[in-house]
Structures are given as structure tokens and as C-alpha cells.
Amino acid sequence: MKIHITLVGGQPAPVYHGIVATQPDKVVFIYSKNSDDAVKKIKAEIKIDVDEQKPLDTTNPTEILNRANALATKYKDDDITLNISSGLKSWSHLFGRVFDNMPNASVVYMDQNNVLWNYRTMESKSDFDFDMDVLFRLYGNRLENYKRLEDYTERDLKALEKIKRIRMFYVADFNLLTAVLNEKQKNLLKNQNCGKFDLMANGSQSYVEWEKTTKDSIGFVRIFLAKKNGKSQEVTFESKNAVDLAFNSGWFEYEVATLLSKWSKAKSIYLNCHFPFKPNIDKNEVDIIVNTGSKILFVECKTQITHTTDIDKFRSVVKGYGGTGSKGLFVTDAKMTDVAREKCKEHGLLSFSLQDEHLGMSTDKALAFLLDSELFNINTK
């Protein structure tokens with residue numbers, strides 16, 4: 001019988017992935033009272049017999065060693081793997097001492113890249129399924145509302161180009177109409193199928209009007225921008241996601257997603273990702289999530305960073321929703337300040353600006369180069 005003994009601490013992902021990688025007949029969880037919730041979440045995701053154990057002391061070496069010896073005796077005739085990826089260092093050391101000396105046992109470690117290392121054979125294994133939805137559930141979250149990149153059409157792509165062009169004509173009015181909305185405008189945009197915002201109160205003729213996509217009609221947006229010197233520009237576009245692209249910088253998130261789609265390791269891309277707290281109330285929202293097939297890349301998109309606290313919030317989401325092995329990328333349109341870049345670095349986040357010089361590379365290739373060079377680096381915190 002294949003027995004998998006796994007230490008459980010604050011990171012449930014390497015525990016679950018260790019079980020998936022070894023495919024045992026029975027699992028033995030070594031956990032404390034503090035990690036009991038993590039064990040319950042892992043059990044809910046596996047269909048394997050469990051040898052139920054009581055919570056183990058976190059510091060008493062005698063009790064820890066006794067538990068290890070008892071399990072070693074119980075399973076002396078079975079094929080054992082001991083996963084030391086999670087759990088306490090005291091457990092890892094004492095359990096490792098016991099099982100490393102047994103000819104029928106192998107000590108294994110699941111690293112942040114979801115590579116399982118066998119310390120008896122010194123070989124690695126990574127050819128097992130990575131399930132992003134399971135990972136979210138292990139950390140107590142559910143991804144229920146999102147759009148896949150393939151849900152966008154050629155019309156959306158043409159709309160993106162029109163939005164970028166008119167934005168550059170008059171950035172200030174464009175932002176006031178589509179990004180810097182007051183509460184009344186936000187409610188109107190959320191609850192009405194059509195509407196219009198203008199800047200007449202500011203002495204400007206600029207306006208935006210829209211109509212959302214319904215089962216009977218496709219979405220429509222018209223943006224008219226008028227400068228004080230009398231020059232003006234207007235664009236109109238129809239697409240399934242026209243309103244989402246025009247407002248709240250949705251166009252920029254879509255632009256970044258299209259750049260990421262050219263990266264070879266992007267297996268699937270999700271936009272406007274909502275993690276619900278309760279019905280109609282979000283616990284958190286992530287602009288873009290990329291499933292690389294071995295770990296998750298969280299992406300925050302902002303045309304520019306006005307508050308560095310946004311970096312702190314993003315870092316908390318990356319660690320809290322994806323665990324220590326996930327990566328975070330902060331992308332801006334405008335160049336980042338040195339302060340913002342340094343803060344990203346301190347938090348272990350990658351940073352990228354579309355307006356930076358990219359050593360002669362195209363923007364998509366420069367982004368792919370950054371991600372390829374950093375994706376499999378081990379996070380230190």
C-alpha cells in the first residue's frame with residue numbers, strides 16, 4: 001500500500017499538490033490545532049482514505065518523535081512518502097530523521113514551482129495536473145465571476161484601438177468622463193442600460209453616451225472630446241464589451257491581457273475576476289489572472305499609480321489568494337516612479353510599464369522576457 005504522510009502548516013497548496021503528485025492509497029495528515037481548517041479544506045478536495053490523527057504538539061520533541069516512530073512502525077511494510085513542504089520545522093526535522101533511515105520511505109518536497117523533489121532518489125517530478133480553482137478553494141476563496149480572454153471579439157479589439165486614439169487626443173476630459181466617476185455616475189453606469197455623461201458643468205462640450213449589450217442588441221459607445229481651442233474628435237464603436245472597455249480603464253486591462261496572450265506560458269487568461277464575500281458583495285477583485293499550468297500570475301493594471309497603497313493591497317491579494325508560490329505583476333501605462341518600483345520590489349512583485357524603453361524589443365516581447373526570467377524564481381516572502 002502507498003502511504004503518504006504529509007505535514008500541514010499555513011500553506012495548504014504544497015500539501016494538496018504533494019498528494020496529487022504521489023497518488024497514494026492512504027493519507028496521514030500531521031497538523032496542529034491551528035492548521036485544522038487547512039486539513040478540512042484539503043480533505044474536501046481529495047477522494048482518498050485518511051488515517052485520522054489527533055493534532056500534534058508544535059514544540060515538544062518527545063511527542064513529535066513518538067508520533068513519527070508510531071507511524072513508522074505502523075507502516076513498516078508499506079511504501080511511504082513523507083511530504084515536508086508544509087508544517088513546522090520541528091516536525092520536518094524529527095520526522096525526517098525517522099523516515100529518512102527507512103528503506104521503504106522517501107522524504108519529498110514540493111517547491112513553489114510545483115515540482116516534487118524526492119530526496120532519496122534526488123529526482124524531480126512535475127507531470128501532474130494543476131487546478132487553479134482548487135488552489136483558490138484551498139485558500140478559502142471562490143472565483144465565480146470573470147471573463148475569459150476568448151470571450152472578447154474582433155470588434156472589441158477594434159474598439160480598443162479607437163479608445164486609445166481618442167484618449168490621447170484629450171486625456172483630461174477622457175478621464176473625467178470614463179474613469180474619475182462620482183457615486184451618482186457609478187450607480188447610473190451600474191444600474192442603467194443606457195445613459196450619458198457630459199462636462200458642461202466644467203465649461204466643456206465633451207460627453208460620452210452608451211448603451212449596454214442585451215440579448216436583443218449589441219453594446220454601443222460614443223465619445224466626443226472638445227478642447228478649449230475648438231478642436232474636437234469623436235469615436236463610436238459597437239461591441240459585446242463596449243461599455244466595459246470604455247469605462248473604469250477596462251480598455252487598459254484588455255490591452256494588457258492581449259499582450260499576455262502572446263506569452264508562451266499563458267495557458268488561460270481571465271479578466272475582471274471577482275471573488276465573492278456574499279451575494280452581490282465582492283470580497284476582492286483582480287484585474288487579470290493568468291494560469292501558467294504550474295502556478296498563478298495575478299496582474300494589476302493601472303494607467304498610472306496615484307497611491308502606493310494600491311501596491312500594498314495588491315500584494316495582500318496575491319499572497320492571500322494564491323499562496324506563497326504565486327506571482328504578482330503590476331502593469332502601468334505611464335512610467336512608474338522610482339518609489340513605486342521600489343515598493344513593488346520590496347513586496348516581491350514584478351513591475352512593468354508600457355511606456356518604458358524595452359531595449360529595442362516590442363512591448364509584448366519585453367513583457368514575455370520579464371516573465372520568463374522571473375516566473376520560476378522562488379519567492380522569499
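Strand E1 (2-7), strand E2 (26-30), helix H3 (61-74), strand E4 (79-83) and strand E5 (105-110) are among the elements that cover the buried residues of helix H4. This arrangement belongs to a predicted model of a protein chain with 13 helices and 17 strands. Of the 381 residues of the chain, 52% count as buried.

**The chain as a whole**

- Taken along the principal axes, the box filled by the C-alpha atoms of the protein chain is roughly 85 × 45 × 35 Å.
- When contacts between residues at least 6 apart in sequence are considered, 58% of them join residues at least 24 apart.

**Helix H4**

- Helix H4 covers residues 89-100, which makes 12 residues.
- From its first C-alpha to its last, H4 reaches 16 Å, close to the 16 Å expected at 1.5 Å a residue.
- The buried residues of H4 include Trp91, Ser92, Leu94 and Phe95, and Gly96, Val98 and Phe99 are buried in H4 as well.
- In an α-helix, residues three or four places apart point the same way, because there are 3.6 residues a turn.

**Ser32, a loop residue**

- Ser32 is placed in the loop that lies between E2 and helix H2 (36-43).
- Ser32 counts as buried because its relative accessibility is 9%, with the cut-off for buried being under 20%.
- With neighbours within four places in sequence left aside, the contacts of Ser32 are Pro55, Leu56, Thr58 and Trp91.
- One of these contacts, Trp91, is itself a buried residue of H4.

**The antiparallel sheet E9-E10-E11-E12**

- Four strands make up an open sheet with antiparallel pairing, in the order E9-E10-E11-E12.
- Strand E9 (194-198) and strand E12 (232-238) are the edge strands, each pairing on one side only.
- On average, and with direction ignored, neighbouring strands of this sheet are turned by 5° against each other.
- Five bridges link E9 to strand E10 (residues 207-211) in the antiparallel sense; Cys194 has Glu211 in E10 as its bridge partner.

**Helices across the antiparallel sheet**

- Helix H6 (residues 154-169) lies across strand E11 (220-226) and E12, and runs at about 165° to E12.
- Helix H7 (residues 171-178) lies across E9, E10 and E11, and its direction is at about 140° to E11.
- Arg155 is a residue of helix H6, and it counts as partly exposed because its relative accessibility is 44%, a value between the cut-offs of 20% and 50%.
- Although 82 residues separate Arg155 from Phe237 in sequence, the two are 8.2 Å apart in space, C-alpha to C-alpha.
- Apart from neighbours within four places in sequence, Arg155 has contacts with Ile218, Glu238 and Ser239.

- Strand E16 (residues 327-332) is mostly covered, with six of its six residues buried.
- Lys327, Leu329 and Val331 lie on one side of E16, while Gly328, Phe330 and Thr332 lie on the other, and both faces are covered.
- In a regular strand, side chains alternate between the two faces of the sheet.
- Strand E15 (residues 296-302) runs parallel to E16 and is joined to E16 by six bridges; Glu300 has Phe330 in E16 as its bridge partner.
- Between E15 and E16 the chain passes through helix H11 (residues 309-322), and this β-α-β crossover is right-handed.
- Strand E17 (residues 350-353) pairs with E16 over four bridges, also in the parallel sense, and Ser353 in E17 stands opposite Thr332.
- A right-handed β-α-β unit is made by E16, helix H12 (residues 338-346) and E17.
- From E17, Leu350 and Phe352 point one way and Ser351 and Ser353 the other way, and all are buried.

Methods
Residues numbered from 1 in each chain as written. Predicted model: local features only at pLDDT ≥ 70, side-chain atom pairs only at ≥ 80, totals over all residues. Heavy atoms only, no water. Buried < 20%, exposed > 50% of the residue type's maximum accessible area, 1.4 Å probe, protein only. Helix = DSSP H or I, 4+ residues; strand = E, 2+ residues; numbered from the N terminus. Pairing = 2+ DSSP bridges. Right-handed = clockwise from strand over helix to strand, strands pointing away. Expected span 1.5 Å × (residues − 1). Contact = heavy atoms within 4.5 Å. Axes fitted to C-alpha atoms, helices over the stretch in contact; angles between N-to-C directions.
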